[in-house]
Amino acid sequence: MGEIIVREAGPADRETVVSLLTGSWGTTVVVAHEVRYDAATLPALLAWCDGGPVGLLTYTIAPGGLEVVTIDAVVPHAGIGTVLLAAAAEKAWAAGAERLWLVTTNDNLDALRFYQRRGLRLVAVHSGAVDRARALKPAIPLVGAHGIEIHDELVLELTR
């Protein structure tokens, strides 16, 4: 794999963004902390390598900081997620945000390892949040990675 280049997605990238989201999530709709997002409408960072898209990170910036809504790498363990997360942190700090934060689920052990190895800290557990989120997105599975039932949201953050 060659050099990974990250850039802000523009209007001409909409089809690529939708394709990456649906390839990873099955839809562009994501629910976190009881908010239903259409991730295809959010600001996004695209990772490119060897002339093609290899990753995507969607986000929002609000007074609470930069929230990573989705992050996906086409090729796992190739450094794509690391580059995207670093670019999002740069964007957060440039915008004057004091923190970058995100939500994952209790079953996502691979994500927990990934985020903690990149300096994010676990700051909250919202027990039963995924159970409530199913009212907004019924397609959320009951059982996730490693055969673990999905019930809770975990909040991780990186501060300046």
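The questions and answers below concern salt bridges, cores, strand pairing and backbone angles in a predicted model.

Trainee: How many salt bridges does the structure hold?
Mentor: Side chains of opposite charge can pair when their charged atoms come close. Among the pairs in this model are E8 with K91, R99 with E157 and D131 with R134. The number of salt bridges in the structure is six.

Trainee: In the salt bridge of E8 with K91, how far apart are the closest N and O atoms?
Mentor: The pair links distant parts of the chain, with E8 in strand β1 (residues 5-8) and K91 in helix α2 (residues 80-94), 83 residues apart. E8 is partly exposed at a relative accessible area of 33%, and K91 is partly exposed at 28%. The closest N and O atoms of E8 and K91 are apart by 3.1 Å.

Trainee: R99 and E157 meet in a salt bridge. Is E157 buried or exposed?
Mentor: R99 belongs to strand β7 (residues 99-105) and E157 to strand β9 (residues 153-159), 58 residues apart. Their N to O distance is 2.7 Å, and R99 is partly exposed with a relative accessible area of 23%. The cut-off for buried is under 20%. E157 has a relative accessibility of 18%, so this residue counts as buried.

Trainee: Which residue forms a salt bridge with D131, and what is the N to O distance?
Mentor: D131 is partly exposed, at 36% relative accessibility. The partner is R134, and the N to O distance is 2.8 Å.

Trainee: Which element gives the most residues to the largest nonpolar core?
Mentor: This core has 27 residues, of which L57, V68, L100, Y115 and L120 touch the most other members. Elements that give two or more residues to the core are β4 (44-49), β5 (52-62), β6 (65-73), α2, β7, α3 (109-117) and β9. With seven residues, the element that gives the most is α2.

Trainee: How many residues of β9 are buried?
Mentor: Strand β9 pairs with β7 in the antiparallel sense through seven bridges, where T105 stands opposite E153. Strand β8 (residues 121-126) also runs antiparallel to β9, with five bridges, and V125 has L154 as its bridge partner. Strand β9 is mostly covered, and of its seven residues the number buried is six.

Trainee: E34 has a positive phi although it is not a glycine. Where is E34 found?
Mentor: The phi of E34 is about 60°. E34 is partly exposed, at a relative accessible area of 46%. E34 is found in the loop between β2 (29-32) and β3 (35-38).

Trainee: D50 also has a positive phi. Is D50 buried or exposed?
Mentor: D50 is not a glycine, and its phi is about 50°. D50 lies in the loop between β4 and β5. The cut-off for exposed is over 50%. D50 has a relative accessible area of 67%, so this residue is exposed.

Terms used: Residues numbered from 1 in each chain as written. Predicted model: local features only at pLDDT ≥ 70, side-chain atom pairs only at ≥ 80, totals over all residues. Heavy atoms only, no water. Salt bridge = Lys/Arg side-chain N within 4 Å of Asp/Glu carboxyl O. Helix = DSSP H or I, 4+ residues; strand = E, 2+ residues; numbered from the N terminus. Buried < 20%, exposed > 50% of the residue type's maximum accessible area, 1.4 Å probe, protein only. Core = buried A, V, L, I, M, F, W, Y, C linked by side-chain atoms within 4.5 Å. Pairing = 2+ DSSP bridges.
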